[in-house]
Amino acid sequence: MDWFSPAQCVGYVAFVLGVGSFLQTDDRRFKLFMAGECLAYVVHFTLLGNPTAVASSTMSLLRSLLALRTRSVWVALAVVAINICLGLYFAKQPSDWLPLGASCLGTLALFLLEGIPMRLVMLVGTIFWIANNVISGSIGGTALEVVIAVVNLVTIARMVRQRAAASA
């Protein structure tokens, strides 16, 4: 495996944007960074030849942009439905559902939740992405999602401390 192939280099860009996303305590900035990460993931997984991850990342990009404009349950459900349809079309094996499941969880989190609960649901999606990236052979993607899990947990802890200090 070439650590510096074009596919892996784009994965490293996704890594930087993803870590930046989960460092944000402001939900709007979180969603903006996430959109950038998703765009990099579209290119990364296209170059790796993983069509379900491309479809999921494309929907995640769209979802992140839509979530900046609306919190509509109907829009969230439409995005989830499209993800399921993409899975029915692209999925060839059970592991192909991992990125699509992560995208569905992320959609519900971004549209219906905020703050700590949003980040906890995103953490479950991150676990799905870790499994997908290991299976896909994505070095940057796996590193990204492991670091994102840790950074997300640290950010959640910061938010819990901020909430406790504000109520004290």
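**Exercise 1. State whether L77 is buried, partly exposed or exposed, and find the surface patch that L77 belongs to.**

Step 1. L77 has a relative accessible area of 41%. Buried means under 20%, exposed means over 50%, and partly exposed lies in between (1.4 Å probe, protein chains only). L77 is therefore partly exposed.

Step 2. This is a predicted model, in which local features need pLDDT of at least 70 and side-chain atom pairs count only at pLDDT 80 or more, while totals for chains, interfaces and linings use all residues. Residues are numbered from 1 along each chain as its sequence is written, and side-chain values use heavy atoms, with hydrogens and water left out.

Step 3. L77 is found in helix α4. Helices are DSSP runs of H or I with at least four residues, strands are runs of E with at least two, and the numbering starts from the N terminus.

Step 4. V73, W74, L77, L108 and L112 make a nonpolar surface patch of about 500 Å². Such patches consist of residues with over 30% relative accessible area and no salt bridge; nonpolar side chains (Val, Leu, Ile, Met, Phe, Trp, Tyr) are joined within 5 Å, and like charges within 9 Å. Areas come from the Shrake-Rupley method with a 1.4 Å probe, and for residues only the protein chains shown count as cover.

Step 5. At least two patch residues come from each of α4 (73-90) and α5 (97-112). The most are given by α4, with three residues.

**Exercise 2. Compare the span of helix α3 with the expected one, and list what covers its buried residues.**

Step 1. Helix α3 covers residues 51-69, which is 19 residues. The expected span is 1.5 Å times one less than the number of residues.

Step 2. From first C-alpha to last, α3 reaches 28 Å, close to the expected 27 Å.

Step 3. Buried residues in α3 include T52, V54, M59, L61 and R63. Their cover includes α2 (27-48), α4, α5 and α6 (115-136).

**Exercise 3. Find the salt bridges and say which parts of the chain they link.**

Step 1. A salt bridge is a side-chain nitrogen of Lys or Arg within 4 Å of a carboxyl oxygen of Asp or Glu. By this rule there are two salt bridges.

Step 2. One of them joins R119 to D27, with the closest N and O atoms 2.9 Å apart. R119 lies in helix α6 and D27 in helix α2, so the pair ties together parts 92 residues apart in sequence. R119 counts as buried, at 0% relative accessibility.

Step 3. E114 pairs with R71, where the closest N and O atoms are 3.9 Å apart. E114 sits in the loop between α5 and α6 and R71 in the loop between α3 and α4, 43 residues apart. R71 counts as partly exposed, at 39% relative accessibility.

Step 4. R119 is also touched by M159, a residue of helix α7 (residues 139-167). Contact means heavy atoms within 4.5 Å. M159 counts as buried, at 12%.

**Exercise 4. Count the disulfides and check C38 and C104.**

Step 1. A disulfide is a pair of cysteine sulfur atoms within 2.5 Å. The count comes to zero.

Step 2. For C38, the nearest cysteine sulfur is that of C104, 13 Å away. For C104, the nearest is that of C85, 10 Å away.

Step 3. C38 is buried at 5% relative accessibility, and C104 is buried with a relative accessible area of 14%.

Note on methods: Lists of a residue's contacts leave out its neighbours within four places in sequence.
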